[in-house]
Amino acid sequence: QIKELFVSFEDIPLGAASLAQVHKAVLQDGRTVAVKIQHPKVQAQSSKDILLMEVLLLVVKQIFPDFEFMWLVEEAKKNLPLELDFLNEGRNAEKVAHMLKNFDFLKVPGIYWELSTRRVLLMEFMEGGQVNDRAYMERNGINVNEISRNLGKLYSEMIFVNGFVHCDPHPGNVLVKKCPASGKAHIILLDHGLYQVLNESFRMDYCRLWQALIKADMKRVQKYSRRLGAGDLYPLFACMLTARSWESVNRGIDRSPVSASEDVEIRSNAAAYLPQITQLLNNVPRQMLLLLKTNDLLRGIESALHTRASASSFLNMSRCCIRAVSTYQRSRSHSLYRRAQISLTEALSLWQINLYELFLWLKGSQLGNWVIALLSRMQHST
């Protein structure tokens, strides 16, 4: 009974979603916990929901042959049973916390296994403002750019380096809080039910594709987009991944911020190219589908924080891609000389990125402006 386990249990949930809701409670030993409880009929109803979805999508395909949506059913069949198993969610939380333990800004709630089951999950209670709440951050003295930069680091590490990706970073699942003792801003990652595991060949192709997109190397963009199932629709695929126009992709996605006119163009094209988009989603590897969802959610957060397409996010992605590809190449090489060569190339590439980041910092800082002004005066005097 609730009274046997808890000193207090708040009846009104902190949050509720389609599968479960979360309540705040205090255990008999005084620990404050978050109790995630699955809705009673979800387990029994889920198989019927998937069957209904499958029938409806088959009907849609008969009426509109150009629209391929059966991948939705395949993904639901694979992911829903995992999301309904809260013990699996607990294991994911512990795995990602260990995997990213070097990031001192990341906090993942601990799991109380002795009181958890497949339908009830007890976690360490953590609270904060939602990651897209710019006003909350300004009120609490949290640096918005730092949060955006750290979130990018977090997801670049998960996607490119580890291949184990939290795929539901909507604002309710990503909180921020300033630690009173240290003054550091923490990112709190919640809801670990939905993860995507990327196999090595897919992860390497995805790394190289993003490297090509950042460098605006169109030949390699075409090559790796095709390898990932895009075929002749590779320009559309590049635009979907970056949420930029084809013109911006060709020019370089880090060269200029997203403009209002470009946003309008993207929305118009999304409607115009809907049959091609559904064809593309049907053709790409299934691992790509949750990554596209994750990309969109992260971009939504960046838009809310006004940090979208910042140079720092692309630099962090580049670092992770370089490290991931170098690690892969070393693992495939049996020559000591070749492994040393790969490590040297990796170090030089990372050094170049650090140098470029320093240049950008100087360019945007008061010291940098002072140096540039001094050099201009010296050149004028000469």
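In the predicted model, Cys167 is a buried residue, its relative accessible area being 0%. Cys167 takes part in no disulfide, and the nearest cysteine sulfur, belonging to Cys207, lies 15 Å away. With a disulfide requiring two cysteine sulfur atoms within 2.5 Å, the count for the structure is zero.

Lys293 and Cys167 are 126 residues apart along the chain, yet their C-alpha atoms are separated by 7.3 Å. Lys293 belongs to helix H13 and is partly exposed, with a relative accessibility of 32%, whereas Cys167 is buried at 0%. When neighbours within four places in sequence are set aside, the contacts of Lys293 are Cys167, Asp168 and Leu194.

Beyond residues up to four places away in sequence, Cys239 touches Arg244, Ser245 and Trp246. Ile266 is 27 residues from Cys239 in sequence, and the C-alpha atoms of the two residues are 8.5 Å apart.

Helix packing was examined next. Two packed helices are described by the angle between their axes and the distance between the axes. Helix H9, which spans residues 234-242, packs with helix H13, residues 286-305, at an angle of about 50 degrees, and the two axes are 8 Å apart. H9 is therefore oblique to H13. On the H9 side the contact involves Phe237, Met240, Leu241 and Thr242, which meet Met288, Leu292, Asn295 and Arg299 of H13. In terms of residue class, five of the residues in the contact of H9 with H13 are nonpolar, two are polar and one is charged.

Helices H11 (residues 260-272) and H12 (residues 274-283) form another pair, with axes that come within 5 Å and cross at roughly 75 degrees. Because angles of 65 to 115 degrees count as roughly perpendicular, H11 and H12 are assigned to that class. The residues in contact are Ala270, Ala271 and Ala272 from H11 together with Leu274, Pro275, Gln276 and Ile277 from H12. The contact of H11 with H12 comprises six nonpolar residues and one polar residue, with no charged residues.

In a further pair, helix H2 (residues 42-63) and helix H3 (residues 70-84) pack at about 175 degrees with their axes 9 Å apart. H2 is thus roughly antiparallel to H3, given that angles over 145 degrees fall in this class. H2 contributes Val42, Gln43, Ser46, Ile50, Met53, Glu54, Leu57 and Leu58 to the contact, and these residues meet Met70, Leu72, Val73, Ala76, Lys77, Leu80 and Leu84 of H3.

At the level of domains, the chain is divided into domain 1, covering 41-82, and domain 2, covering 200-366. A distance of 31 Å separates the C-alpha centres of domain 1 and domain 2. Eight residues from domain 1 and eight residues from domain 2 make up the contact.

Backbone geometry was considered last. Most residues other than glycine have a negative phi, and most peptide bonds are trans. Asp191, although not a glycine, has a positive phi of about 55 degrees. Asp191 is placed in the loop between strand S10 (185-189) and strand S11 (195-197). With a relative accessibility of 24%, Asp191 counts as partly exposed. Ala216, another residue that is not a glycine, has a positive phi of about 55 degrees. The loop that holds Ala216 runs between helix H7 (200-215) and helix H8 (218-227). Ala216 is also partly exposed, at 21% relative accessibility.

Methods: Residues are numbered from 1 along each chain as its sequence is written. This is a predicted model: local features need pLDDT of at least 70, side-chain atom pairs count only at pLDDT 80 or more; totals for chains, interfaces and linings use all residues. Side-chain values use heavy atoms; hydrogens and water are left out. Axes are lines fitted to C-alpha atoms, for helices over the stretch in contact, and angles run from 0 to 180 degrees between N-to-C directions. Helices (H or I, at least four residues) and strands (E, at least two) are DSSP runs, numbered from the N terminus. Angles under 35 degrees count as roughly parallel, over 145 as roughly antiparallel, 65 to 115 as roughly perpendicular and the rest as oblique. Contact means heavy atoms within 4.5 Å. Ala, Val, Leu, Ile, Met, Phe, Trp, Tyr, Cys and Pro count as nonpolar, Asp, Glu, Lys and Arg as charged, and the others, Gly among them, as polar. Buried means under 20% relative accessible area, exposed over 50%, partly exposed in between (1.4 Å probe, protein chains only). Domain bounds come from an automatic or database domain assignment.
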